[in-house]
Each structure stands twice: as structure tokens, then as C-alpha cells.
Amino acid sequence: MNLLKKRFWMLLAGCVVLVLQGCATVKSADARDPWEPMNRSIYQFNDALDTAALKPAAQLYVRVLPSMVRTGVSNFMGNLGDVWSMANSAMQLKGQATVETFMRININTFMGLGGILDVASEMGIEKRREDFGQTLGYWGVQPGPYVMLPLFGPSTLRDALAFPVDMQGNVTNNLADEATRNALLVTRLVDMRAGLLKTVDAIKASSLDPYSFVRDAYLQKRRNDIYDGNPPSSFDYNETPTASQ
């Protein structure tokens, strides 16, 4: 096991310890966020790390690379991610989504220069993002409490437990060459952060409580993800769709 994976599993173990400690020691007025004090502390840690390292790296990335190149990088990473999305669509018995994502992968790989060009979107084939947390939700696993993970940001207990599976399912993590694998992982992280530069700054500038804004936005997004953008009006946070829904 390489050094990066060792550090990841050490970090994950640390998250579990923090969560278990939080279960016994903190309370919150929001039923969705019973470990709020602990989560806020982790949010502050993540924000400090972002300010010191991730944001400057993303800003440099934007300054150095032309927009066309950054778009190509995002498209390439997205094409790799579509493989795991297709697998999760299949696990959720979404036949049309599985077939269309399979078509996207082939079109963008062979006609889009390995995924640098998003030809499939130009042809009207919708991009769908599916992960193992959504798959668990589809089969009735409840989201559980909101959790702020060190480095990785907002999550729920269900999504946090699904995260290692998502990591293993990602094509990038299964490349044989360690140097290439790590370079792609770093590039994906910086590219994702670059895409959020304006959004994060706007949240901090306009929100009285950025932590609550991020939490509420994340939970709403994940609710929409589970229901494919059509959650019931009577949605209860403690309820999740079943496979028949």
C-alpha cells in the first residue's frame, strides 16, 4: 500500500474517532446536525487549510492555464468519473442512465480525444453523477447525522461510510503507475477547487454563518441527488427512498 493510501486510511480512522467522541459529548439544536460543535471545529480547520494551501494553488492554476485548457482538464476528469457513475446507475437499476452514461464514455473517449472534448454533451446526452452514497440511499439506507470530514468537507454518516468505496471505484485510483495516479488526484483536487473560487468567496461574503449555509446546501443537494432532482414535497430527513420509488 502506497503512502497516499496509508495517509487516507489514517485520516479515515481519525474521522471515526472524532465522530464517536462527538456522539457522546456534543449536542445541537438541529436534529440533522447533532455533532455541530465538533463539525464547526473541523469546518474551521478545513477553512484554514483551504486558505493556506488549496485556494492559492487553485488561483495559480487559473492564472497559469488558459480557460480552454482548464475546460479540457475538467472534461477529461469527468470522463474518468463517468465510469463509476455508470456502475452506480447500474446498481440502482437505472437502465436508461446506465446506457446513456456508457454512450457518453465511448463517445467522449473515441471522438473527444480521450475525454478532453465533451462531445456527448454537445450531442444532447445528459451527464449524470452517481456515487455509492446515492446507491445506498436508493436502497433505503438513511443519511444519518451530518458530518464535516477533515479535508474532504461536508458529508453525512452514510456518505462518509460510502466514501472509501467511491475512492476504490474511481478509475484514477486504480492506475498502476503511482506517480501518474497521484498527479491525477492532485490535478482533480485543484481543478475542483478552481471551479469553486467564486462560489466559496460569495458564500463567505454574503452569509452570516457560512457553516450553516454549506450544511443546508449540501443536505438539500444530496436529497435532490437521491431523488434525481424530484424529492417529494413531504420529504422527511429521516426517510430515504426505497428501491421501488
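**Figure 1. Overview of the predicted protein chain.** This is a predicted model, in which local features need pLDDT of at least 70, side-chain atom pairs count only at pLDDT 80 or more, and totals for chains, interfaces and linings use all residues. Residues are numbered from 1 along each chain as its sequence is written, and side-chain values use heavy atoms, with hydrogens and water left out. The average pLDDT (the predictor's confidence in each residue, from 0 to 100) of the protein chain is 87, and 84% of the residues reach at least 70. Residues 240-245 have a pLDDT below 50; beyond near neighbours in sequence, this stretch has 18 contacts in the model (contact: heavy atoms within 4.5 Å). The protein chain has ten helices and two strands, where helices (H or I, at least four residues) and strands (E, at least two) are DSSP runs numbered from the N terminus. Along the sequence the pattern is α-α-α-α-α-α-β-β-α-α-α-α. Of the 245 residues, 40% count as buried; buried means under 20% relative accessible area, exposed over 50%, and partly exposed in between, with a 1.4 Å probe and protein chains only. The accessible surface comes to about 13,600 Å², and 65% of this belongs to carbon and sulfur atoms. Accessible areas come from the Shrake-Rupley method with a 1.4 Å probe; for residues, only the protein chains shown count as cover. Among contacts between residues at least 6 apart in sequence, 66% join residues at least 24 apart.

**Figure 2. Asp-30 in the loop between helices H1 and H2.** Asp-30 lies in the loop that runs between helix H1 (3-25) and H2. Asp-30 counts as buried because its relative accessibility is 18%. A polar atom of the Asp-30 side chain lies 2.9 Å from the backbone nitrogen of Arg-32. A network of salt bridges links Asp-30, Arg-32, Asp-33, Glu-36, Arg-40, Asp-209, Arg-215 and Asp-216. A salt bridge is a side-chain nitrogen of Lys or Arg within 4 Å of a carboxyl oxygen of Asp or Glu. By this rule the count comes to 23 salt bridges.

**Figure 3. Asp-82 and its partners.** Asp-82 belongs to helix H3 (residues 67-91) and is buried, with a relative accessible area of 2%. The side chains of Asp-82 and Lys-127 are joined by a polar contact of 2.6 Å. Asp-82 also forms a salt bridge with Arg-104, with the closest N and O atoms 3.4 Å apart. This pair links distant parts of the chain, 22 residues apart: Asp-82 is in helix H3 and Arg-104 in helix H4 (residues 95-110). Arg-104 is buried as well, at a relative accessible area of 1%. Leaving aside residues up to four places away in sequence, Asp-82 touches Thr-101, Arg-104, Ile-105, Lys-127 and Arg-128.

**Figure 4. The salt bridge of Glu-126 and Arg-128.** The side chains of Glu-126 and Arg-128 meet in a salt bridge of 3.4 Å, N to O. Glu-126 is partly exposed, with a relative accessible area of 47%, whereas Arg-128 counts as buried at 19% relative accessibility.

**Figure 5. Leu-80 beside Val-171.** Leu-80 is a residue of helix H3 and is buried, with a relative accessible area of 19%. The C-alpha atoms of Leu-80 and Val-171 are separated by 6.1 Å, although the residues are 91 apart along the chain. Not counting residues up to four places away in sequence, Leu-80 touches Val-171 and Thr-172.

Figure 6. Arg-222 forms a salt bridge with Asp-225, and the closest N and O atoms are 3.3 Å apart. The two residues are three apart in helix H10 (residues 210-226), so about one helical turn separates Arg-222 and Asp-225. Arg-222 is buried at a relative accessible area of 7%, and Asp-225 is buried at 17%.

Conventions: A polar contact is a pair of N or O atoms within 3.5 Å; within protein, one must be able to donate a hydrogen and the other to accept it, and residues adjacent in sequence count only if both atoms are side-chain atoms.
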